[in-house]
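Subject: Structure for your review

Dear colleague,

Please find the structure below, handed over for your use. My notes on it follow directly after.

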Amino acid sequence: MILITRPEQKLAKSVAAFRLAGISCSGVAPLTITACEEELSRLAHHLATQPADYIIVTSAFAAQLLSALPLSALPSRWFGVGTSTAQVLEEYGLFVAVPEQQNSEGLLALSQLNSANRRQIVIIKGQGGRTTLRDTLLLQQNHVEEFAVYQRLLLEKPIQTDNWQWPQITGIVATSGEMAEQLFRVYDTNMLRKQRWLTVSDRVAAQISASGATQVAVCSDASDNTLCAWIKENWE
């Protein structure tokens, strides 16, 4: 049985997708996500008064919070960190560029961003997280504005989809370092170190390995469909 870690808002959907693909799984959500209304208002005002050349959205959660804004009227080029983010933005009628390597480094490797200079760039993201994207674009002499439109909150007690036990678990899917970190905070470290892990970047894989896990693999995409395909090809 595979253990999937997702924020509360995405847990049931991911578990259902894995089961539909024929993968035995359970889920755990150590975090929940809440919108930051003040930041959303600040973003709306900024886009209305200072149109950006490029707008980068770093998660599907951030994209979902933009539904009330008149995005299709903006003369901006849009970038999504991954396919899930792009799918949300495309529902608003936007054309979205997505990198093959679906993380900050992949975005920065895209020709438009790699060569960006003196551009007005907006990054829409969650609170905290990495600063690689912002820092690199600033070094290229761009004007960068960040808007953290949601925040992650630790749950006092993680939400579980089933009453699973560790002897049942044969692998763990953790698509972010923060998710993996919270599992090590809550659950038995020795049990976690013995597990196979699947994540979506070398950076997160290194973080999990640093916690003592010895079997850590990387999938190129955090979408449920791609993760399921990887598991069926490599773990079954």
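In what follows, Ala, Val, Leu, Ile, Met, Phe, Trp, Tyr, Cys and Pro count as nonpolar, Asp, Glu, Lys and Arg as charged, and the others, Gly among them, as polar. This is a predicted model, in which local features need pLDDT of at least 70 and side-chain atom pairs count only at pLDDT 80 or more, while totals for chains, interfaces and linings use all residues. Residues are numbered from 1 along each chain as its sequence is written, and side-chain values use heavy atoms, with hydrogens and water left out.

Pockets

A pocket is an open set of points on a 1 Å grid over the protein atoms alone, where a 1.4 Å probe fits, with protein on both sides within 12 Å along at least five of seven lines; its lining residues have an atom within 4 Å of a point. A volume is the space filled by probe spheres set on the points, which are joined across faces, edges and corners.

The second largest pocket has a volume of about 410 Å³. Its lining of 17 residues divides into five nonpolar, eight polar and four charged. Lys 10, Lys 13, Ser 84, Gln 87 and Asp 224 lie nearest its centre.

The largest pocket has a volume of about 1,100 Å³. It is lined by 45 residues, with Thr 58, Ser 59, Arg 152, Thr 175 and Ser 176 nearest its centre. This lining comprises 13 nonpolar, 21 polar and eleven charged residues.

Helix H2

Helices (H or I, at least four residues) and strands (E, at least two) are DSSP runs, numbered from the N terminus.

Buried (under 20% relative accessible area, 1.4 Å probe, protein chains only) are Glu 39, Leu 40, Leu 43, His 46 and Leu 47 of H2. They cover an arc (of the directions from the helix axis to the C-beta atoms) of only 125° around the axis, so they lie on the same side of H2. The face turned away from that side carries Glu 37, Glu 38, His 45 and Ala 48, which are exposed (over 50%).

Residue Ile 2

Ile 2, in strand S1 (residues 2–5), is buried, with a relative accessible area of 4%. Its contacts (heavy atoms within 4.5 Å) beyond four places in sequence include Ile 23, Val 173 and Trp 235. The C-alpha atoms of Ile 2 and Ile 23 are separated by 7.5 Å, although the two residues are 21 apart along the chain.

With kind regards
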